[in-house]
Amino acid sequence: MVPYEFYVALSGLLMVLGLIGVIIRKNIIAMLISTELMLNSVNLAFVAFDMKLQDVSGQVFVFFILTIAAAEAAVGLGLIMAIYRLKKDVDVEKLTELKY
Amino acid sequence: MELDVIAFWSFAALAVISAFGVVFFKNIIYSVLSLISTLIMISGLFFSMGAELIGALQILIYAVAIVVFYVLVISTVPQYKGEAIDPKYFALSLPVGFLLFLELAYVSVYGAWASNTGIFTPEVLSEVGNVKAVSTILFSKYLFPFEVASLILLVAMIGAIVLGRKEQAMDEEEVK
């Protein structure tokens, strides 16, 4: 058996990679994709802790996260389409209406 | 070497390599394809942990439905010409990511030992099966959140339709 710490470490690594992606990417669609990576690392951690704690509640929560991720992708991509139609751009450096 | 050890290391290595691809590919289509690869590898990890229902749902919902959303939106937005990575934030993101990793490691190593263990020992799980165990908990203890999740999906669907709709009245006036 692979110990659960390995799964949790992998989940942490994927979470950090997703955070780096959100920080450094300039395309707003790429930022949303990195968010999906972070959500997946949380799923992995939930199932790994389930394996250790001998429970299945974490897998139920993974089910809810899948639901929320679908809703988030639908609304987020709808927002990106609306922004693109207004500004003709997906560069986060140029979407600065709320800043001033 | 046991089979699940080989499965873990190969799935984990491919997942991390694909995740690097998601973050660092310049072309956004390559990023989405790497995301599909990462999702399938994580689903394989779920199967190797004995969570068959979640592994199947991961492929069905994530690797098919959500990625199709992304591909459709990318096909309508023209190709992004600018720089993919902001170098001034790249140096900043590495220490922040390292700190986050340390924090996650601390919480998960010292937090999990304090938790109570559940009733689904390997013997019980081999008797009833993973799918039956998860659905029993889902439809008894978590029935109300399940119903709320369906409501959230309905709201997200209506919101996506309203946000993605063209302003019909404005277009007609522009034509006139």
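Chain B has a radius of gyration of 22 Å, whereas a compact globule of 176 residues would have one near 16 Å. The model is a predicted one, and its values should be read with that in mind. Taken along the principal axes, the C-alpha atoms of chain B fill a box of roughly 75 × 45 × 30 Å. Buried residues make up 24% of the 176 residues in this chain. Of the contacts in chain B with a separation of 6 or more, 48% are accounted for by residues 24 or more positions apart.

The secondary structure of chain B consists of eight helices and zero strands, so that, read from the N terminus on, its elements run α-α-α-α-α-α-α-α.

The contact between the chains takes 70 residues from chain B and 62 residues from chain A. On the side of chain B that touches chain A, the elements that give two or more residues are α1 (3-24), α2 (28-48), α3 (52-76), α4 (87-112), α6 (130-140) and α7 (143-164). Among these, α3(B) gives the most, with twelve residues. Sorted by class, this side of chain B holds 54 nonpolar and 13 polar residues, together with three charged residues.

Two of the helix pairs across the contact share one partner, helix α3 (residues 57-87) of chain A, and they can be taken in turn. In the pair with α6(B), the helices pack at an angle of about 70°, with their axes 9 Å apart; α3(A) and α6(B) are therefore roughly perpendicular to each other. The residues that meet here are A:Ser57, A:Gln59, A:Val60 and A:Phe63 from α3(A), and B:Val134, B:Ile137 and B:Leu138 from α6(B). By class, this contact has five nonpolar and two polar residues, and no charged ones.

In the pair with α7(B), α3(A) packs at an angle of about 10°, and the axes lie 8 Å apart, an angle that makes the two helices roughly parallel. From α3(A), the residues that take part include A:Phe64, A:Thr67, A:Ile68, A:Ala71, A:Val75, A:Gly78, A:Leu79 and A:Met81. Their partners in α7(B) include B:Pro145, B:Ile152, B:Leu153, B:Met157, B:Gly159, B:Leu163 and B:Gly164. The residues of this contact divide into 17 nonpolar and four polar, with no charged residue.

Leaving aside its neighbours within four places in sequence, A:Ile33 is in contact with B:Val22, B:Ser31, B:Val32, B:Leu35 and B:Tyr70. B:Tyr70 lies in helix α3 of chain B, and B:Tyr70 is buried because 23 other C-beta atoms lie within 10 Å, where 20 or more are required. Not counting residues up to four places away in sequence, B:Tyr70 touches A:Ile33, A:Leu77 and B:Val32. The C-alpha atoms of B:Tyr70 and B:Ile28, which are 42 residues apart along the chain, are separated by 9.9 Å.

Two residues of chain A deserve a separate look for their backbone angles. A:Gln54, in the loop between α2 and α3 of chain A, has a phi near 55°, a positive value in a residue other than glycine. A:Gln54 counts as partly exposed, because it has 16 C-beta neighbours inside 10 Å. A:Lys88, in the segment after α3 of chain A, likewise has a phi near 55°, again a positive value in a residue other than glycine. With 10 C-beta neighbours inside 10 Å, A:Lys88 counts as exposed.

Key:
Residues are numbered from 1 along each chain as its sequence is written. Chains are lettered from A and ligands numbered from 1 in the order in which they are written. This is a predicted model: local features need pLDDT of at least 70, side-chain atom pairs count only at pLDDT 80 or more; totals for chains, interfaces and linings use all residues. Two residues are in contact if their C-beta atoms, placed from the backbone, lie within 7 Å. Helices (H or I, at least four residues) and strands (E, at least two) are DSSP runs, numbered from the N terminus. Ala, Val, Leu, Ile, Met, Phe, Trp, Tyr, Cys and Pro count as nonpolar, Asp, Glu, Lys and Arg as charged, and the others, Gly among them, as polar. Axes are lines fitted to C-alpha atoms, for helices over the stretch in contact, and angles run from 0 to 180 degrees between N-to-C directions. Angles under 35 degrees count as roughly parallel, over 145 as roughly antiparallel, 65 to 115 as roughly perpendicular and the rest as oblique. The radius of gyration is taken over C-alpha atoms; the globule rule is 2.2 Å times the number of residues to the power 0.38. A residue is buried if 20 or more other C-beta atoms lie within 10 Å of its own, exposed if 12 or fewer, and partly exposed in between; C-beta atoms are placed from the backbone.
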